[in-house]
Amino acid sequence: MDEATRAVEATLFASEKPMTVTDIKLYVGENVDIRAALNNLQNDYSGRGIVLVNAGDRWHFQTAHDLSHLLRRERAELRKLSRAGMETLAIIAYHEPVSRAEIEAIRGVQVAKGTLDVLMEAGWVRPAGRREVPGRPLIYATTAEFLTHFGLESRKELPGLDDLKAAGLLDPVDLALERMEMEAEEELPLQSELNEDGAQENDDQPADSLENAAESA
């Protein structure tokens, strides 16, 4: 291993958080080909107990996924996100940058201020400026920590709707509602045909029959 690669390796090992190429350059110097050194390290650590991971163009060493169960220890877990928090995080991840009003339009309900605060405290969501429209609302986007936490290299790796269904990650209630909506749409043409047939039968009924029916009434 050449000296440049060793220097990059040492820098990443000593860092407490993932580093960008720019971060690494501050330690190893401008003359080092950081990308080449990172590729060398990634290949060298492939298949080992520790691997070099790139998430959101930030690099860090971590335990290989197939060995993580060996290092688990019981610890206090952070409070789980509420359903509103998960929905808000998903909307931001798939539609970023997005404003509070846009999140509410997609969810169909108001977003509590505390929901966004929790996501920002977790380090998964950040303010991303203001929308250049009247009122200049604040807009939100996900962070590099979000990608790291969920093991994503970029937002392009976010699963699609079909993937979520296949993995069983969609709420059964949501799936049931979706199925009911599809069934309702299928019944509309049939109901229209029945109404048209009934109207046609009334039109074809003789006039004297209608008069007799009126007299009987």
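Helices (H or I, at least four residues) and strands (E, at least two) are taken here as DSSP runs, numbered from the N terminus. The structure is a predicted model, in which local features need pLDDT of at least 70, side-chain atom pairs count only at pLDDT 80 or more, and totals for chains, interfaces and linings use all residues. Residues are numbered from 1 along each chain as its sequence is written, and side-chain values use heavy atoms, with hydrogens and water left out.

The chain holds ten helices and five strands. Of its 217 residues, 23% count as buried, where buried means under 20% relative accessible area, exposed means over 50%, and partly exposed lies in between (1.4 Å probe, protein chains only). The accessible surface comes to about 15,500 Å², and 52% of this belongs to carbon and sulfur atoms; such areas come from the Shrake-Rupley method with a 1.4 Å probe, and for residues only the protein chains shown count as cover. Among the contacts (heavy atoms within 4.5 Å) in the chain with a separation of 6 or more, 46% are made by residues 24 or more positions apart.

A nonpolar core is defined as a set of buried Ala, Val, Leu, Ile, Met, Phe, Trp, Tyr and Cys residues joined through side-chain atoms within 4.5 Å. The largest such core has 16 residues, and those that touch the most other members are L89, I92, I103, L116, V125 and F146. Two or more residues are given to this core by each of the elements α4 (83-95), α6 (113-121) and α7 (144-149), and the largest share, four residues, comes from α4. When residues up to four places away in sequence are not counted, F146 touches L89, A93, G123, W124, L152 and L158. A second, separate core contains 15 residues, including M19, I24, L38 and L41.

The buried residues of α6 are T115, L116 and L119. They lie on the same side of the helix because they cover an arc of only 90° around its axis, the arc being that of the directions from the helix axis to the C-beta atoms. On the other side of α6, K113 and E121 are exposed. The buried residues of this helix pack against α4, α5 (100-107), β4 (125-130) and β5 (138-142). One of them, T115, counts as buried because its relative accessibility is 15%, and, leaving aside neighbours within four places in sequence, T115 is in contact with A84, G85 and T88. Helix α6 is followed by G123, whose phi is positive, near 85°.

V98 is placed in strand β3 (residues 98-99) and, at 2% relative accessibility, counts as buried. Apart from residues up to four places away in sequence, V98 touches I92, I103, R131, L138, I139 and Y140. The C-alpha atoms of V98 and A141 are separated by 6.9 Å, although these residues are 43 residues apart along the chain.

A pair of aromatic rings is described by the distance of the centres and the angle of the planes. Rings of Phe, Tyr and Trp (its six-membered ring) pair if their centres lie within 6.5 Å, and planes under 30 degrees apart count as stacked, over 60 as edge-to-face and the rest as tilted. By this rule, the count comes to five aromatic pairs. F13 and F61 form a stacked pair, with 4.5 Å from centre to centre and 15° between the planes. This pair links distant parts of the chain, as F13 is in helix α1 (residues 3-14) and F61 is in strand β2 (residues 58-63), 48 residues apart. F13 counts as partly exposed at 45% relative accessibility, whereas F61, at 14%, counts as buried. Ring pairs link F13, Y45 and F61 into a cluster. R48 lies over the face of Y45, at 5.1 Å from the ring centre; a charge sits over a ring if NZ of Lys or CZ of Arg is within 6 Å of the ring centre and within 35 degrees of the ring normal.

Positive phi values also occur in residues other than glycine. D57, in the loop between β1 (50-55) and β2, has a positive phi of about 60° and is partly exposed, with a relative accessible area of 36%. R136, in the loop between β4 and β5, has a phi near 40° and counts as partly exposed at 41% relative accessibility.
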